[in-house]
Amino acid sequence: MKITEEIKISDNGFVFNSKTGDSFNLNPFGLELIKQIAEDKDFASTRDGILEKYDIDDLTIEKDYYEFYALLKHHQIIAQGDPLDFN
Amino acid sequence: MEKLKYEKPVISKITAGVPNKFGLSAKQKIISEIDGIPVSKLMDEYGSPAFIISEKTIRDTYAEAKRAFETRYPKVQFAWSYKTNYLDAVCSIFHDEGSWAEVVSGFELEKALSNGVNGSNIIFNGPEKSEEDLTLAINHNACIHIDHFDELYLLIETTRKLNKKARVAIRVNLDAGIYPIWDRFGFNYENGEAWNAINRIMLAENLEMIGLHTHIGTYIMVASAYAIAATKLSNLYMAIHRKFDHWLKYIDLGGGFASKNTLKGAYMPGSETCPTFDEYAEAISNAIISSEIPHENLPVLFLETGRAMVDDSGYLLTTVIANKRSTLGRRTMVIDAGVNLLFTSFWYNLGVYPSKEVSSHVEESTIYGPLCMNIDVIRDAINFPSSKVGDQLVIERVGAYNMTQWMQFITFRPNVVLIDLEGKTHIIRKKENLDSLQSFEMNPKR
């Protein structure tokens, strides 16, 4: 799922949504992750890259990734799909 | 190549508007040890959750209160409020420091006696005293604080049956500027009920009137209210002398001093706003000393301070069970200690702190207990750093009421551990188990 067109992300972790007027701060790792999501990188390759670079286990990455992803959806940074589309 | 330190990804919405009332956020407080013992060691040894009580804090707090009053008033006697925390080990510390016992039921009276307190050093308060309780109190020469006329007549009847004298005081309720007035206990000052009760007692053959008692409320944040109460009791004290040529032995101002916990809805933290022992002592001592009581006949000043005396000494160690997000995106956290252990969480914003260095990022969070009940909320809004499952946390200022008002519900009640003055730890109440609970049950055979 893509980052919506209205979202602008600066190099220091500031995020602005021109549609809603909301703005956000990212911590350094949040910025790294959102960039990978913006590049449409899938979870598996994102996870492998993090495992190689950071001192962390795969299950923690998975938990944190999906929590972060859910928050991006909640803040309308990622386009919302139909939540009841179970296909 | 050495790997980089990982930090959980975070995105926070920037909210414009009124800035934080305390300005820039302070550094996150961490409680990594209690009286020099690492929290992790305590949890390894005694499990999670676990209540920890610091003997040093109890004794230091007692010394502070004693100094505040004894430097301002010549005759002061503290009585330990059993209902605040009646674990034997805790009561014993207060008795060792010189406190009498203040009890409010037959059960508490028995407990004080079993703790070795001399009956004449027990104050028996409360609205429910059976004939059996009164008999026990009379036989041990306890000071019985009469709550209502029915109790007064039951007491007269009991002393006749026993053919013994009882030492008594009355509880007086009065308007000290604290609203709502606690008028459900004792005899009212303003409408003359207290004076009527005194007159009846002074006529009773077997009752020896020795004191006056009031308890104006709980968590009283205005020290001057005690001055009003002390003045009104001093008036009664002098009225008794004038009419009956009788000097009482004491005036008991009860308890109700605020602890440093923060009440829900309070704008500023309790540690900033609650009066100190010195402020309470100044108000009470000045009122009695400047009353018309001659200095050579000043009564002993009794204080039944519970909450302010023991709250700071208690900690609850707990562990993070889960992190979740609500449907509104709000961060929530589940810990293994619930409201069944923390009765005071219903009216305090209890301080919850990590036990080791954490991420500098904090987020407004809700902290839930482990109970399968919607009311199990320890903090509904707290700025808290990100935590992971298994992180050990410390909840501070839980020494008052939680270990008496707790209930066994869904989970077992945990170990209570005392750290003594030498830094040694002792279990002072064992964690419950299925056997201990079922020992009270009987299942009829069918």
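Helices (H or I, at least four residues) and strands (E, at least two) are DSSP runs, numbered from the N terminus. The model described here is predicted, so that local features need pLDDT of at least 70 and side-chain atom pairs count only at pLDDT 80 or more, while totals for chains, interfaces and linings use all residues. Residues are numbered from 1 along each chain as its sequence is written, and chains are lettered from A and ligands numbered from 1 in the order in which they are written.

The predictor assigns the complex an ipTM of 0.92 and a pTM of 0.91.

Beyond its neighbours within four places in sequence, Asn85(B) is in contact (C-beta atoms, placed from the backbone, within 7 Å) with Val90(B), Val310(B), Gly399(B), Ala400(B), Met403(B) and Thr404(B). Between Asn85(B) and Arg413(B), 328 residues apart in sequence, the C-alpha to C-alpha distance is 15 Å.

Chain B comprises domain 1 (33–52 + 313–432) and domain 2 (55–311), with bounds that come from an automatic or database domain assignment. The centres of the two domains, taken over C-alpha atoms, are separated by 33 Å. At the boundary, 21 residues of domain 1 of chain B are in contact with 21 residues of domain 2 of chain B. On the domain 1 side, α12 (402–405), β20 (416–419) and β21 (425–429) of chain B each supply at least two residues, and β20(B) gives the most, with three residues. This side divides into 11 nonpolar, six polar and four charged residues, where Ala, Val, Leu, Ile, Met, Phe, Trp, Tyr, Cys and Pro count as nonpolar, Asp, Glu, Lys and Arg as charged, and the others, Gly among them, as polar.

Strand β14 (residues 314–325) of chain B pairs in the antiparallel sense with strand β4 (residues 50–54) of chain B over four bridges; pairing requires that DSSP finds at least two bridges between the strands. In this pair, Ala50(B) stands opposite Leu317(B). Strand β19 (residues 392–396) of chain B is joined to β14(B) by five bridges, also antiparallel, and Leu316(B) has Ile395(B) as its bridge partner. β14(B) and β15(B) form a hairpin with five residues between them, and Gly329(B) in the turn has a positive phi of about 85°.

Between the chains, 21 residues of chain A are in contact with 15 residues of chain B. The elements giving two or more residues to the chain A side are β3 (23–26), α1 (28–38) and α3 (58–74) of chain A, and the largest share, seven residues, comes from α3(A). Three bridges join β3(A) to strand β1 (residues 11–13) of chain B in an antiparallel arrangement, in which Asn25(A) stands opposite Ser12(B).

Technical notes: Contact = placed C-beta atoms within 7 Å.
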